[in-house]
Amino acid sequence: MRLIAPSILSADFSRLGEEIRAVDAAGADLIHIDVMDGHFVPNLTIGPDVVKALRPHTKLLFDVHLMISEPERYIDAFAAAGADLITVHQEVGVHLHRLVQMIRARELKAGVSLNPATPAATLEDILDELDLVLVMTVNPGFGGQRMIPGALKKITRLRDLARNREKPLLIEVDGGITPETIGRAEAAGADIFVAGSAVFRAAGDYRENILALKESPPADSP
Ligand code: DX5
Ligand code: ZN
């Protein structure tokens, strides 16, 4: 089953609580929250106070994608704000293991994200510590970009690296997911599909848009 994580980056920022309730009612499986610092990526978005304000609007899991430098400074704040899953980028620093332990110590699910140019193999020695890997299929920073198809190969490599794990590794894919591209990401081995513009900016209502992602035809290969 395809799990859909609407990215609120493409929602109406003047009505975020309402938007979250609407995608929850429309069949979203988790809520993807893109946190950007204007440093690790060239855009600025939302911080822990906004996450906290949104928490009462849904019981769905908050999937917090930290596109920020020095994420260790903010893990506690996002944990206290109500994050369920915190994902940091592999590229942010040299002490990824310590960062992942920080997240796990707060009894949250821990994820690591890979930019399009970062190889899957860089996670080989930390994979057992992770609940999830988030594969970027665009360069992070903005919604509405086209998928970089070459990045899908990484999902298959991660599946392969994780094949001997005791608990299943969740693989989430982020960037340019539409009813046309989702089948290929699924064929590569992804379980969770982030979708910003395909949910919030496509022609249908949110239920139709989520259904279009869940039910578009499977692909034979990535
Ligand atoms: C990009 C963000 C994505 C973004 C996806 O940096 O991490 O989550 O919102 O947007 P779409 O689905 O429009 O590519
Ligand atoms: Zn994201």
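## Shell around ligand 1

E2 gives the most to the shell around ligand 1, contributing 3 residues. Strands here are DSSP runs of at least two residues, numbered from the N terminus. This is a predicted model, where local features need pLDDT of at least 70, side-chain atom pairs count only at pLDDT 80 or more, and totals for chains, interfaces and linings use all residues. Residues are numbered from 1 along each chain as its sequence is written, chains are lettered from A and ligands numbered from 1 in the order written, and side-chain values use heavy atoms, without hydrogens or water.

There are 20 residues around ligand 1; Asp-34, Gly-141, Asp-174, Gly-196 and Ser-197 come nearest. A residue is near a molecule if one of its heavy atoms lies within 4 Å of it. By class, the shell has 8 nonpolar, 10 polar and 2 charged residues. Ala, Val, Leu, Ile, Met, Phe, Trp, Tyr, Cys and Pro count as nonpolar; Asp, Glu, Lys and Arg count as charged; the others, Gly among them, count as polar.

## Polar contacts and burial of the ligand

Ser-7 places a polar side-chain atom 2.8 Å from an oxygen atom of ligand 1. Backbone atoms take part as well. A polar one of Gly-144 is 2.8 Å from a ligand oxygen. A polar one of Gly-176 is also 2.8 Å from an oxygen atom of ligand 1. The protein buries 100% of the 380 Å² that ligand 1 exposes when taken alone. Accessible areas come from the Shrake-Rupley method with a 1.4 Å probe.

Ligand 1 sits in the largest pocket. Sitting there means that more than half of its atoms lie within 2 Å of the pocket's grid points. A pocket is an open set on a 1 Å grid over the protein atoms alone, where a 1.4 Å probe fits, with protein on both sides within 12 Å along at least five of seven lines. Strands E2 (30-36), E3 (61-67) and E8 (192-195) each give two or more residues to the shell.

## Asp-34

Asp-34 lies in strand E2. Asp-34 counts as buried because its relative accessibility is 5%; the cut-off is under 20%, with a 1.4 Å probe and protein chains only. Its C-alpha atom is 8.6 Å from that of Asp-63, 29 residues apart along the chain.

## Ser-113

Ser-113 belongs to strand E5 (residues 109-114). At 0% relative accessibility, Ser-113 is buried. Its side chain makes a polar contact with the side chain of His-89 at 3.4 Å. Such a contact is a pair of N or O atoms within 3.5 Å; within protein, one must be able to donate a hydrogen and the other to accept it, and residues adjacent in sequence count only if both atoms are side-chain atoms. The Ser-113 side chain also reaches the backbone oxygen of Leu-134, at 3.0 Å.

Note on methods:
1 Å grid on protein atoms, 1.4 Å probe; cavity = no way out; pocket = protein on both sides within 12 Å on 5 of 7 lines; lining within 4 Å. Helix = DSSP H or I, 4+ residues; strand = E, 2+ residues; numbered from the N terminus. Buried < 20%, exposed > 50% of the residue type's maximum accessible area, 1.4 Å probe, protein only.
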